[in-house]
Amino acid sequence: MQIDLKRVIETVGKEKNIDRQLLIGALREAVLTAARKHFGDCVFETRFNEETEEIELIRYRTVVADEELTNVSKQIPASEALQMDDSLQIGDEIGEPLPTDQLGRIAAQAAKQSIVQKVMEAEKEKIVREFRDKKHQIVIGQVRRFDKADIIVDLGPTEGVLPVREQIPGEKYKIRDKVIAFVIDVKKSTRGPQVMLSRAHPELLIRLFEQEVTEISEGVVVIQSAARDPGSRSKIAVYSTEPSIDPVGACVGIKGARVQAIVQELRGEKIDIIPYDRDPARFVCNALAPSEPSKVIVNERLHIMEVVVPDEHLSLAIGKRGQNVRLAAQLTGWKVDIRSETKMRELVQEYKNVIAQIPALGEMRAEILVNEGYKDPADISRMDPRSLVKLLRLTPEEAEQVIQGASELAAQSDEQVDLASDEDLEGFHLGEPIIDDEIGETEEAEAAIDDIVAKTRPQPLLDPEKVDVKSVPVERLRYWMQLKGVAEHIAAVIHTAGFSDFSSVATSNADEIAYKTGLPVKLSGKLHAETTKIIGN
């Protein structure tokens with residue numbers, strides 16, 4: 001047994017590249033397992049002798065009076081113990097070495113299994129550590145097999161999984177095809193390390209540019225962000241740390257060689273290289289290329305950019321199925337609302353007509369406020385008086401008068417909203433859009449644009465479909481069901497979203513309510529109007 005252990009330390013340690021101390025620990029545990037099978041239930045300890053490179057086995061027993069001996073595995077009679085050491089007393093513990101060559105064939109087999117298991121665990125841990133270092137990096141593998149729609153990729157020491165949701169649509173592979181993929185995560189599983197791969201992740205695009213463009217690896221050109229519609233189109237924003245270097249030209253390369261290499265790797269995916277700008281409005285305009293916006297209205301509070309484009313550029317700015325505006329929103333992190341110049345003129349005039357009704361304001365000052373992004377009295381009522389003084393050159397008294405008048409006008413507008421005009425909240429079903437019964441061709445086109453814009457909004461904090469009514473206290477359901485037409489499920493959604501009372505809903509706007517609850521903006525607006533009416537009364 002001793003000779004075998006020494007050989008295992010020398011050979012297995014080298015062949016499997018396993019840490020010597022880890023292997024010694026596995027061998028010590030294996031000897032303990034074998035000893036318990038051979039000698040029974042005893043108190044053992046194993047030590048590794050550095051001089052002989054052997055595992056030593058020691059059994060510990062407690063010294064008891066001869067007549068009190070009941071368990072020879074854990075106790076030793078005093079008469080026998082004194083022969084080994086005459087200084088021992090009753091209750092002392094004595095350790096005695098045991099020969100490992102008596103462990104037997106069955107025990108040795110158990111020891112071998114323990115060693116094999118430890119070696120396998122060490123190899124798995126080594127693979128996990130190796131691929132955790134490659135997390136968020138690119139790896140190259142070969143298609144080994146298919147698991148339904150998922151692709152199993154041979155990465156050398158282990159396998160990677162390319163799920164169908166992380167594949168580029170329309171991309172086909174055969175056994176032994178080369179795969180370049182992005183490592184999303186590395187997990188431990190009962191079958192060994194599991195490396196999760198992606199071909200659709202935006203960071204794959206970033207890593208490919210880092211490999212292909214030397215200026216990026218040198219830090220001269222920096223990638224700010226990337227957005228992808230895998231297999232169709234992508235956008236990447238870049239800037240240069242040196243004024244003499246054109247970041248877009250560096251990424252394109254001579255005659256487009258660099259970007260074309262990446263396009264080929266992504267199976268023909270079109271790539272727009274966008275110059276990043278610290279000015280958010282200019283950045284959004286750049287991201288909407290190839291369209292050329294004529295005006296941008298920024299709403300910092302709601303993180304919305306209202307972009308106006310020439311009528312003939314409207315479809316170009318939106319893109320096929322809203323692709324261009326959706327990618328621009330992902331790239332910049334702003335909600336992007338596209339409007340044609342004709343429609344915007346109509347809207348601006350409507351905004352001006354309403355705001356001009358506020359006392360102490362005229363058409364000229366109303367136009368200034370609209371151009372600054374304030375579209376309705378409710379927005380103006382929340383303004384800081386000092387901002388009004390600075391923007392419109394009013395006196396503090398006039399600014400207070402404007403804010404008071406805006407609050408009154410906003411309250412009057414909310415009173416005119418009939419919650420049951422188009423549909424009753426009680427008849428609303430989660431997941432179904434709210435559609436007006438009568439809609440013209442122009443309104444239908446605007447509704448399509450609004451649908452595209454809605455897709456660029458930040459992801460709601462709550463999924464209404466997943467709200468469990470039973471998890472909400474009955475008294476809270478009854479409280480929210482006081483709102484006209486609010487059924488049990490919507491009441492549960494409002495409570496789960498964190499709204500405490502009618503006032504908390506009334507002081508929010510429709511976009512904020514929709515963001516917290518996941519309910520449609522139109523429905524959120526009706527909730528806001530109803531609670532405002534109750535608070536006002």
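Where does Lys 148 lie?

Modeller: This is a predicted model, in which local features need a pLDDT of at least 70 and side-chain atom pairs count only at pLDDT 80 or more, while totals for chains, interfaces and linings use all residues. Residues are numbered from 1 along each chain as its sequence is written, and side-chain values use heavy atoms, with hydrogens and water left out.

Lys 148 lies in the loop between strand E5 (138–147) and strand E6 (150–154); helices (H or I, at least four residues) and strands (E, at least two) are DSSP runs, numbered from the N terminus. Although Lys 148 is not a glycine, its phi is positive, at about 55°.

As for confidence, the chain averages a pLDDT of 80, and 83% of the residues score at least 70, where pLDDT is the predictor's confidence in each residue, from 0 to 100. Over residues 417–446 the pLDDT is below 50, and this stretch has 43 contacts in the model beyond near neighbours in sequence, a contact meaning heavy atoms within 4.5 Å.

Now to the helix. The axes of helix H9 (residues 280–287) and helix H11 (residues 323–332) come within 9 Å and cross at roughly 145°; axes are lines fitted to C-alpha atoms, for helices over the stretch in contact, and angles run from 0 to 180 degrees between N-to-C directions. The crossing of H9 and H11 is right-handed: a crossing has this name if the near helix is turned clockwise from the far one by less than a right angle, and is left-handed if anticlockwise. From H9, Phe 283, Val 284 and Ala 287 meet Asn 324, Ala 328, Leu 331 and Thr 332 of H11. By class, this contact of H9 with H11 has 5 nonpolar, 2 polar and no charged residues, with Ala, Val, Leu, Ile, Met, Phe, Trp, Tyr, Cys and Pro counted as nonpolar, Asp, Glu, Lys and Arg as charged, and the others, Gly among them, as polar.

H9 also lies across E13, E14 and E15, running at about 55° to E14. These 3 strands form an open sheet in the order E13-E14-E15, with mixed pairing, where two strands pair if DSSP finds at least two bridges between them. Its edge strands, each pairing on one side only, are E13 (295–299) and E15 (335–340). E13 and E14 (residues 304–309) are antiparallel over 5 bridges, and Lys 295 stands opposite Val 308 in E14.

Strand E11 (residues 233–240) runs parallel to E12, joined by 6 bridges, and Lys 235 has Asp 272 in E12 as its bridge partner.

Finally, a salt bridge, which is a side-chain nitrogen of Lys or Arg within 4 Å of a carboxyl oxygen of Asp or Glu, joins Glu 269 and Arg 228 at 2.9 Å, N to O. This pair links distant parts of the chain, 41 residues apart, with Glu 269 in the loop between helix H8 (257–265) and strand E12 (270–275), and Arg 228 in strand E10 (residues 221–229). By this rule the count comes to 22 salt bridges.
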